[in-house]
Amino acid sequence: MYLRVSDISKYLGCPRAIEPMLRDSSMAGGYSGLDESIRGETEALKIGNAAHKVVQYVLDNPPEEREKVYEEVRNALDSIKQDVEMPSLISDILGENFLHGAIHDQLLMSSWKECHYLLYCSISLLRYLEKIPDSEGKWEIKAEMKIHGEDVSSKGVYLKDIFGSKTLLHGSIDLVLEYEDYFVVAELKTGAFAEWKKKTWELQTKIYSDACKFLYPDKKIAGFILHKYLTYGYNDVDGDSHWADSLDDSTKTIPGEHCQYCDQKLSCNASWFKQISSIR
Ligand code: SF4
């Protein structure tokens, strides 16, 4: 059996919500590695996905070309604000069908904002990391690094004791930044900010950092979340190798605002959503 990291963090580690998310490993082949939180076609998800693509496009370049590409993309994004037209460079990154079927100007302007800010957050983190002596222009960056499967096949398998069984964890880290023995896990976040969402992002990053600590024991692991609302665009996230300790009893509950996304929100007595609905 395996669990997706996004299924654990989405419910802030609530055991009762997570237990039904256990999946049969024989079905794992069709998993694309894309986080559920950026999958789908609603406008907010589409914009979040676009911002990820723009950041990845810039940072995927080798260090010596990254600054030049960043300037080109930033200028192209800024032109959207002025011209309310999709520049060819951004269209190449997002695909020519990106605006298809949408309210053109609205999607364009919302996309500009999220792409612009997430790119700023990412470059801001990179510049912070480049303060490590001699590391400027030398960080290697990889997008969508899986903690399972072929990305880590020679490194062992990351398992945690969950509901009494050794359970495989699946997921893809948005960005991994490496310089010598420094290994940085970065999760990119878009949309509205809320403290409860920040907690779910932090849990996701803790799990990925713990996985990397297991997979790369000789590396110095650090975790960050990136969002436009955070000071300088990023926050560091402390490591926690005990994050799965509470997943020992599937009847336990951890209620909170994340309950609104839980299939059990109307049947679970602990549900925050149910309690708030009864007050209104
Ligand atoms: S409704 Fe909330 S407390 Fe209940 S199972 Fe779902 S996430 Fe857990």
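1. The buried residues of helix α4 are V73, A76 and L77; a residue is called buried if 20 or more other C-beta atoms lie within 10 Å of its own, exposed if 12 or fewer, and partly exposed in between, with C-beta atoms placed from the backbone. These buried residues of α4 pack against α3 (43–59), α5 (88–94) and α6 (104–129), where contact requires C-beta atoms, placed from the backbone, to lie within 7 Å. An α-helix has 3.6 residues a turn, so residues three or four places apart point the same way.

2. The model is a predicted one, in which local features need pLDDT of at least 70, side-chain atom pairs count only at pLDDT 80 or more, and totals for chains, interfaces and linings use all residues. Residues are numbered from 1 along each chain as its sequence is written.

3. Helix α4 covers residues 63–83, 21 residues in total, and spans 31 Å from its first C-alpha to its last, close to the expected 30 Å; the expected span is 1.5 Å times one less than the number of residues. Helices (H or I, at least four residues) and strands (E, at least two) are DSSP runs, numbered from the N terminus. After α4 comes V84, with a positive phi near 50 degrees.

4. E71 also belongs to helix α4. This residue counts as exposed because it has 11 C-beta neighbours inside 10 Å. Between E71 and V58 there is a separation of 13 residues in sequence and of 9.4 Å in space, C-alpha to C-alpha.

5. Helices α3 and α4 pack at an angle of about 145 degrees, and their axes are 8 Å apart. Axes are lines fitted to C-alpha atoms, for helices over the stretch in contact, and angles run from 0 to 180 degrees between N-to-C directions. On the α3 side V54, Y57, V58 and L59 take part, meeting R66, V69, Y70 and V73 of α4. The residues of this contact comprise 7 nonpolar, no polar and 1 charged; Ala, Val, Leu, Ile, Met, Phe, Trp, Tyr, Cys and Pro count as nonpolar, Asp, Glu, Lys and Arg as charged, and the others, Gly among them, as polar.

6. An open sheet of 3 strands, with mixed pairing, has the order β1-β4-β3; two strands pair if DSSP finds at least two bridges between them. The edges are β1 (2–4) and β3 (159–162), each with a single partner strand, so one side of each has no neighbour in the sheet. The twist from one strand to the next averages 45 degrees. Strand β4 (residues 165–170) runs antiparallel to β3, joined by 4 bridges, and T167 in β4 is the bridge partner of K160.

7. An open sheet of 5 strands has the order β2-β5-β6-β7-β8, again with mixed pairing. At its edges stand β2 (140–146) and β8 (234–237); each has a single partner strand, so one side of each is without a neighbour in the sheet. Here the twist averages 30 degrees from one strand to the next. Strands β6 (residues 182–188) and β7 (residues 220–226) pair in the parallel sense over 7 bridges, and V185 has G223 in β7 as its bridge partner.

8. Helix α6 packs on this sheet, touching β5 (172–179), β6, β7 and β8, and its direction makes about 150 degrees with that of β7. Helix α7 (residues 195–215) also packs on the sheet and touches β5, β6, β7 and β8, its direction making about 160 degrees with that of β7.

Terms used:
Two residues are in contact if their C-beta atoms, placed from the backbone, lie within 7 Å.
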